[in-house]
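Student: I am new to this structure. Please show it to me, and then let us go through some questions.

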Amino acid sequence: MEEKTNPLLALGVRDFRRYWLALVAQVVGQQMFAFTLGWLAFEITGSQAQLGFIFLCGFVPQFTLTLLGGVLADRFDARKLIGAAQVNAAIAMIMVGVAALLGVAQLWHLALGAFLWGLSGAIDEPARASFFPRLLPRPLLRSAVPLISMAFGGSRVIAPSIAGFLIASAGAPSAFLACAAAVSTMTAVLFLVRPAPGAARPHGSLLHNFTESLRYIRGNEAFARVIGVALLNATLAMGFIHMLPVFAKDVLQVDARGLGILASAAGVGSLAGFLSYAWLQAHASPRSIIVDSLSIYNLALIGLAFSDWYWLSFCAILVAGLCHGYFVTCAQVILQTLVEDNYRGRVMSVFALVWSLMFFSGFLLNTAGEWVGPRLALAGGAAMVLAYVWLSLVRAQALKKIVLAPKPG
């Protein structure tokens, strides 16, 4: 039973350990870039709508091309796709950093940087989801998936704080260049790992491969439910993290350091969720984890929306991060454990739309905030997700029947 509950067991595999450490560095760089980009956009323009526009520029390529990235991940060498994506991301970060260093940074520089970053994510997300299971035995996936989630959650603890202090002490250009150095780590480590051979590659056209994966998901109600609620939550609620510059400056009246602490609260909560997920998994069903974590997550966001106290806002974000860590990890464990290998890249690319939709959510919430105020915009989005969870997801029989026994392969 130990391999089902020990969250660190997968780190005993050398190649996975190397990959995981590089992933931590990569994601720290990505989170720092998002934080610094949002801060600089709001600093230059002072407009919530323009801040939303920057996140829209990141959303468009990531959303429109992630599904293509999933098809490519099942057809081509995922390692080469990941490497190309990280090179492109580093170029975007260096470009914006140099523009800021020379004092010529304008909104279009930031928009281009966000676009290139979104393009990298469209290729990187599904390629990584297809690649890392080949670095370790399949029974260790239930240990590996929380560790992958932990890399993202842990980075959200330290990345905003690092970026906030770098901005305050050395300026935004230093933060951008540090981001480029961090994401380049993954490119180097890809030469050191030796993945197992992949499953047989699909044949036919790209369009046929894509439509085949949608039929596969539609035919599995549990997959469809999990992915559907994840995409809804990403669209209407997850963009709260991109509203924090507005809440920090206009509502709570704190500087870049205060914003960094607020943003890292989500990461602290997520990290706690990832570290305790093995215990939770042993004591609660997947359905309970999904329904309860999403409910508390959105209630915490409603609390954040109407908070005027800095530390109350911090606590609300902390709780939201904890519950989001539980939800995302549970969803990925379900998908990665039960999906067939030859569909893995495409199925996980549909789930990866969560991360691109978070950009779109930032755009929606900030644009709505320009019209009705940030409080009502955030509370309204969270309330809609909460309503869906209790009116639809609670009664889903497919979630009650999930048994996390991996398919042989």
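**Helices and salt bridges**

Tutor: The axes of helix α13 (residues 310-338) and helix α14 (residues 344-372) come within 11 Å and cross at roughly 165 degrees. This is a predicted model, in which local features need pLDDT of at least 70, side-chain atom pairs count only at pLDDT 80 or more, and totals for chains, interfaces and linings use all residues. Residues are numbered from 1 along each chain as its sequence is written, and side-chain values use heavy atoms, with hydrogens and water left out.

Student: Is α13 roughly parallel or antiparallel to α14?

Tutor: Axes are lines fitted to C-alpha atoms, for helices over the stretch in contact, and angles run from 0 to 180 degrees between N-to-C directions. Angles under 35 degrees count as roughly parallel, over 145 as roughly antiparallel, 65 to 115 as roughly perpendicular and the rest as oblique. The axes of α13 and α14 cross at roughly 165 degrees, so α13 to α14 is roughly antiparallel.

Student: Which residue forms a salt bridge with E221?

Tutor: A salt bridge needs a side-chain nitrogen of Lys or Arg within 4 Å of a carboxyl oxygen of Asp or Glu. Here the closest N and O atoms are 3.5 Å apart. Both residues lie in helix α9 (residues 221-236), four residues apart. The partner of E221 is R225.

Student: Is D15 buried or exposed?

Tutor: Buried means under 20% relative accessible area, exposed over 50%, partly exposed in between (1.4 Å probe, protein chains only). D15 meets R14 in a salt bridge (3.9 Å, N to O). The relative accessible area of D15 is 11%, so D15 is buried.

Key: Helices (H or I, at least four residues) and strands (E, at least two) are DSSP runs, numbered from the N terminus.
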